[in-house]
Amino acid sequence: MAEGRWRRIGWRRAGGALLRLVAVWVVSTLTMLALAGLLPDFQLQSDDDESLTSVALTAVWAAGAFGLLSALVWPLAVRALLLVPALVLGLLVFFLNGSLLLIALSVIPEGRGEADPQMAVVVAAVMSAVASATSTALTVGDDEAYRRRLSRLAQRRRGGRRDEGRHGMPGTLFLQLDGLGHDTLRRAVDQGLMPTVARLLGRTAAAAPRTSGRRSRVPAVAAEHPSMALPTHRLTPWRTDWSSQTGASQLGILHGSNHDVPAFRWYEKESGRTMVCSSPASTAELQNRAIERTGDGGLLTIDGASRGNLFSGGADQLALVLSIAARRGPSNRSRAGYFAYFSDPANAVRTAMSFVAEVVREIHSSVRSRLRKETPRVGRGGLYPFIRAFATVVERDVVVSAVMGDLLSGRTAIYADLVAYDEVAHHSGPRSRDADLILKRLDRSLALITKIADRAPRAYRTVLLSDHGQSPGETFEGRYGLTLRDYVRASCGLPVPRRAQRTRSGAEARDAVLTVLHRPVSGTREAPFPVPPEADGASDASRLDPIVLASGNLGLISFPDIAGRASREEIDRRHPALLRMLAGHPGIGFLLVRSEEHGAVVLGPEGAVVPLAELRDDEGPMRPFGPGAADAVRRTDGFPHTADIMVNSSYDPGTGQVHAFEEQIGSHGGLGGEQTRPFLLWPLALSDPVAEGAEIVGAERVHQVLRRWLRECQGPQVPVGPAQDSLSADPAEGGFPAPDRAVQDEKA
């Protein structure tokens, strides 16, 4: 049965290849006819023969002969031309192309076609370009053809050699699936959406039953269930900090410290600016702070590559890394990775067609959602279809291509971020049809990468992980009619605009587009609500209006004219109803504020006031949020730039829903639900991340685990014992010195 299935697959592939060949032949024939009509020195007919049939037959013969000669002669010619100096090689390529066309015209029956040598070079160049574009367009969705082309390029770069890699040790690939929670990944595997991940876990996705949350080297059902094989990887969740978003998580993972990152956006009183984790200037500052705090260059300092990330991780090979995007100079522009990718016409055609298809797909999905009156729902008009296509197609293709180049180059450590799921889940929902489609594509990208890894000059161990999950739910404004900013203003007795000012959706992807275009990401763009002039660098201490910022379902309220962190008593004196109105709102779970009498306190519904030292997970305001919530709040309270009032939305454990203070129906950034429960999937050849029964808590802890795995890959090839429970770095593991420079990889 299996043999018959593979035979059918082989016939389908052969049939598809034959159809593509015929299509390229037809397009080449039409191109040749068009050129014959436009160019005076290129003819497909003799002077005494004006028959259209004869001209068409000549074009068919000539296009076929040119294509056949190109396929047969080019491999041999390229091998010979590798000995020629690069300056002469370009001229020889055009000469060879023109010569092949002249030969093709000479072998046509009756010798009807003719061209001047100079014109033959022009015609051959145009036909080659058209044939390449047509062939690429027909294989846009064919990952196998794409893989074969990249493999051939890599073999030519290596001269056909396959060495044992750097010192014969395996490399490590860390692939981050942005925003994909542990439970959503399990569901995707069970429903057959991610067969590549299912195979890593030793399961066939459609038939795999659910297993317990405990880790095991070989699931007990593997020996009994005929559809299951031995796993090569294991899966476990880990718990984020209170700030469950990419900025905090990735800074901790790559640089070992996310100290003083209270949210995605926050206001710093001493400098009068708003820090935003999608701003090049802010991410550069955060990276410098982390390096200064740890004295460590980062996870990727030793022969590393950072692709599509917010931070460099200390890598010396960078592409699409936001923290260096603000730098000037030809070697440090954030757009270098895009230019390197699109310099290949085949890449440009493949990505451009997928981009257009994604725009159409998003418009169709949005219209269908409105017609069906699906709820919850947010606006997806304007430029959003293009922003989504940029995140799900352009960034994906560029990052995947860069990663495959790194694999074929044999780099020691690679860390890449694929943001497609996170962007779509924000606007369509974490478990929507659109999000499921993105998961299928991410799995295809993973399959493509693993096939390329098989052809790499060294073995690779692939670790999949996410930086946070996403929690669904109607927005705060959609549920209660006011944005958090307007509710705060109303509670302070300040005027509220008649028309609610919505949070800008797609902020991360929009800022990425601005960065690629080398347009400034200003303070007003960074903040979801209007902020005072201080956010742009001006100083206006007389302004009394509070600054309200949103990071998913986490809100931050700051009073810019109060030095330091405002106390509960000071806030009550200025705005007597504010804290009471916030704590009593049904859409708000709890507040964190500093008290002059008790220190930091948590305020909750029904007048609850709990000193931070007495805060517990199983009672009071924190009870719905589950284990670890109290410790996460305590840690954030110790940050220098924690806001005067930290606001976490309410959370319903029964539905898993939160209320985002932004225009998102899938959100992350605070506590509540799957947003704080990302995943870590690692090879069995590596040690367990923590001892059996323990939990990975915080991005800094993940950094220690990944660093230990890197050391294992460069040392004995057997798993060592699990990491100690202490978060402090093991002196045996050591730190990596901060690099003096980092450059963009021009060969992404």
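This is a predicted model: local features need pLDDT of at least 70, side-chain atom pairs count only at pLDDT 80 or more; totals for chains, interfaces and linings use all residues.
R239 is counted as buried because its relative accessibility is 16%, under the 20% limit.

Side chains of opposite charge can pair when their charged atoms come close. Across the whole structure, a search finds 34 salt bridges. Among them is the one that R239 forms with E695. The two partners sit in distant parts of the chain, 456 residues apart: R239 is in the loop between β4 (233–237) and α8 (246–255), while E695 is in the loop between β21 (679–683) and α22 (699–713). E695 has a relative accessibility of 43% and therefore counts as partly exposed.

A further salt bridge joins the side chains of R265 and E662.

D637 and R565 form another salt bridge. Because D637 lies in helix α21 (residues 629–637) and R565 in the loop between β13 (554–558) and α19 (568–574), the pair ties together parts 72 residues apart in sequence. D637 counts as buried, its relative accessibility being 19%; R565, at 19%, is likewise counted as buried.

| Salt bridge | N to O distance |
|---|---|
| R239 and E695 | 2.6 Å |
| R265 and E662 | 3.1 Å |
| D637 and R565 | 2.8 Å |

**A network of salt bridges**

Salt bridges also link several residues into a network, made up of E358, R361, E362, R380, R388, D434 and R441.

**The packing of α12 and α13**

Two packed helices are described by the angle between their axes and the distance between the axes. For helix α12 (residues 384–409) and helix α13 (residues 420–428), the axes come within 8 Å and cross at roughly 150 degrees. An angle over 145 degrees counts as roughly antiparallel, so α12 is roughly antiparallel to α13. The crossing of α12 past α13 is left-handed.

Sorted by class, the contact between the two helices comprises 5 nonpolar, 3 polar and 2 charged residues.

Conventions: Residues are numbered from 1 along each chain as its sequence is written. Side-chain values use heavy atoms; hydrogens and water are left out. A salt bridge is a side-chain nitrogen of Lys or Arg within 4 Å of a carboxyl oxygen of Asp or Glu. Helices (H or I, at least four residues) and strands (E, at least two) are DSSP runs, numbered from the N terminus. Buried means under 20% relative accessible area, exposed over 50%, partly exposed in between (1.4 Å probe, protein chains only). Axes are lines fitted to C-alpha atoms, for helices over the stretch in contact, and angles run from 0 to 180 degrees between N-to-C directions. Angles under 35 degrees count as roughly parallel, over 145 as roughly antiparallel, 65 to 115 as roughly perpendicular and the rest as oblique. A crossing is left-handed if the near helix is turned anticlockwise from the far one by less than a right angle, and right-handed if clockwise. Ala, Val, Leu, Ile, Met, Phe, Trp, Tyr, Cys and Pro count as nonpolar, Asp, Glu, Lys and Arg as charged, and the others, Gly among them, as polar.
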